[in-house]
Amino acid sequence: MPETIKYSEEELVQLLQSGDQSAFEYLYDHYSGALNTVILKLISDQQLAEDILQEAFVKIWNNFSTYESSKGRLFTWMLNITRNLTIDTIRSKSFKKQAKIQKTENAVTYTSSNINENDKFDALGIRKQTMLLKEDQKRVIDLAYFEGLTQEEISKKLDIPLGTVKTRMRTAISVLKKILQA
Amino acid sequence: MTKEEFILSGLLELYAMGISSPEETQIVQEHLDRFPELKQELKETEIALENYALSNSTQPAPSVKEKLFNQLFSGDEKNPLNMAPVVSMTKKSFVPLFYKSIAAAVFILLIGSMVLNYSYFNKYHKAQDALDLAQQQLQQKEKSNAAMTHDLSVVTNKYAMPVVLNGTPHAPDALAKIFWMKNTGQVYIDPSNLPKVPSGMQYQLWGIVDGKPVSGGMIETSKGIYHIQKMKSFGKVDAFAITLEKAGGSPTPTMDQMIVSAKM
């Protein structure tokens with residue numbers, strides 16, 4: 001049954017506001033993979049990433065009443081919650097201690113886990129189409145959207161001028177928009 | 001910022017990616033309120049990014065979902081602490097598994113159909129409202145179309161003789177047009193350029209026949225809008241005039257309230 005139901009954004013929001021559990025299950029099935037990617041971009045510890053993902057969805061469910069659809073889409077809101085939670089965890093003291101110990105061990109698991117990123121979207125062809133993004137455009141989008149870096153931070157990190165960051169970002173987003181229109 | 005300056009600033013993209021500073025966020029929200037059409041632009045940007053994120057999904061282990069749903073939704077019915085003392089193990093196994101799964105399937109179908117019902121019911125209501133609105137609009141359009149067709153048929157009648165009534169010194173800007181049908185003597189008046197009537201007053205048309213004023217009827221306004229309307233017929237007339245009278249009209253014209261007139 002859950003696979004056959006597809007909600008529009010408004011229906012989903014309405015059902016979640018009324019505390020509908022099957023809508024929440026749909027939300028999880030549909031978006032957990034994307035949010036998981038965001039966490040894994042910032043954290044290499046698989047176990048910790050799973051805990052953060054679980055906590056993020058607990059927050060999404062418990063704080064759903066604070067979501068305002070006039071300010072943006074549901075996914076943007078969920079992504080911000082997840083990203084902030086991950087960044088907060090990284091900044092916490094206990095994480096810093098642990099990270100030192102696990103650093104070497106996890107560097108290996110991280111890369112290997114990313115190779116079998118899911119192929120779920122190949123059916124829609126979108127995954128293939130996002131290949132239209134050039135590698136340097138993708139990098140800027142990933143740093144901003146997934147890792148939450150500001151344009152200035154990206155400019156420093158990649159050692160390229162701020163203007164270049166801005167142009168790359170705009171071009172990349174307009175490419176992504178065109179993919180949808182095609 | 002104007003709308004164009006705002007779009008060029010690139011703030012909307014930063015906002016869609018969730019990396020705008022608090023000040024920038026405030027600016028974006030102000031502009032979204034000011035130019036509602038920007039919401040569509042924002043939505044498209046968000047969907048584009050969302051699809052990028054979805055296409056980069058990394059499926060988490062299935063155990064995460066299990067733990068999450070246990071944490072959030074156990075306790076209402078599945079809590080073993082509540083169930084153990086009430087239902088004994090032997091009683092529980094009394095119901096064959098086959099029936100249990102049928103009951104579960106029926107229950108799932110019921111819930112599923114309730115969800116669908118709810119969503120279709122909402123859709124039905126939205127569609128009904130939209131239909132009502134469309135029908136109302138259609139009726140209004142038909143009404144105004146009929147009025148317009150009528151107006152036009154008077155103006156284009158080949159027997160219609162247009163007579164322009166010019167403003168008197170009381171109302172130099174006022175103007176009215178009469179269409180006098182030469183074959184039937186019917187008189188139509190187009191009062192759309194007369195000044196607004198004070199409340200409790202009404203315009204009255206007069207025809208001067210053999211030097212005497214004869215009432216041509218009252219000019220009606222509906223909701224403040226003037227339409228071409230039929231007045232009393234005149235076979236022969238020396239002049240037309242319109243005066244401002246108290247509502248309902250007067251037997252003789254109040255000459256110092258003459259607004260427009262025309263000699264034939």
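Modeller: Helices (H or I, at least four residues) and strands (E, at least two) are DSSP runs, numbered from the N terminus. This is a predicted model, where local features need pLDDT of at least 70, side-chain atom pairs count only at pLDDT 80 or more, and totals for chains, interfaces and linings use all residues. Residues are numbered from 1 along each chain as its sequence is written, chains are lettered from A and ligands numbered from 1 in the order in which they are written, and side-chain values use heavy atoms, with hydrogens and water left out.

Colleague: How many helices and strands does chain A have?
Modeller: Chain A has nine helices and zero strands.

Colleague: What percentage of chain A counts as buried?
Modeller: 48% of its 182 residues, where buried means under 20% relative accessible area with a 1.4 Å probe, protein chains only.

Colleague: And which residues of helix 1 of chain A are buried?
Modeller: Helix 1 covers residues 9-17, and its buried residues are Glu9(A), Glu11(A), Leu12(A), Val13(A), Leu15(A) and Leu16(A).

Colleague: What do they pack against?
Modeller: In chain A, helix 2 (21-42), helix 3 (46-62) and helix 4 (74-91); helix 8 (97-156) of chain B is also a partner.

Colleague: What follows helix 1 of chain A?
Modeller: Gly19(A), with a positive phi near 75°.

Colleague: Switching to the interface. How many residues are in contact?
Modeller: On chain B 51 residues, and on chain A 62. Contact means heavy atoms within 4.5 Å.

Colleague: What area is buried between the two chains?
Modeller: About 5200 Å², with carbon and sulfur atoms giving 61% of that. Buried area is the accessible area (1.4 Å probe) that two parts lose on being put together, summed over both.

Colleague: How many salt bridges between chain B and chain A?
Modeller: Six. A salt bridge is a side-chain nitrogen of Lys or Arg within 4 Å of a carboxyl oxygen of Asp or Glu. One salt bridge joins Lys177(A) to Glu41(B), with the closest N and O atoms 2.9 Å apart.

Colleague: Which helices of chain B each supply at least two residues of the side that touches chain A?
Modeller: Helix 1 (3-9), helix 2 (11-16), helix 4 (38-55), helix 5 (62-73) and helix 8 of chain B. Helix 4 of chain B gives the largest share of that side, 16 residues.

Note on methods: Buried < 20%, exposed > 50% of the residue type's maximum accessible area, 1.4 Å probe, protein only.
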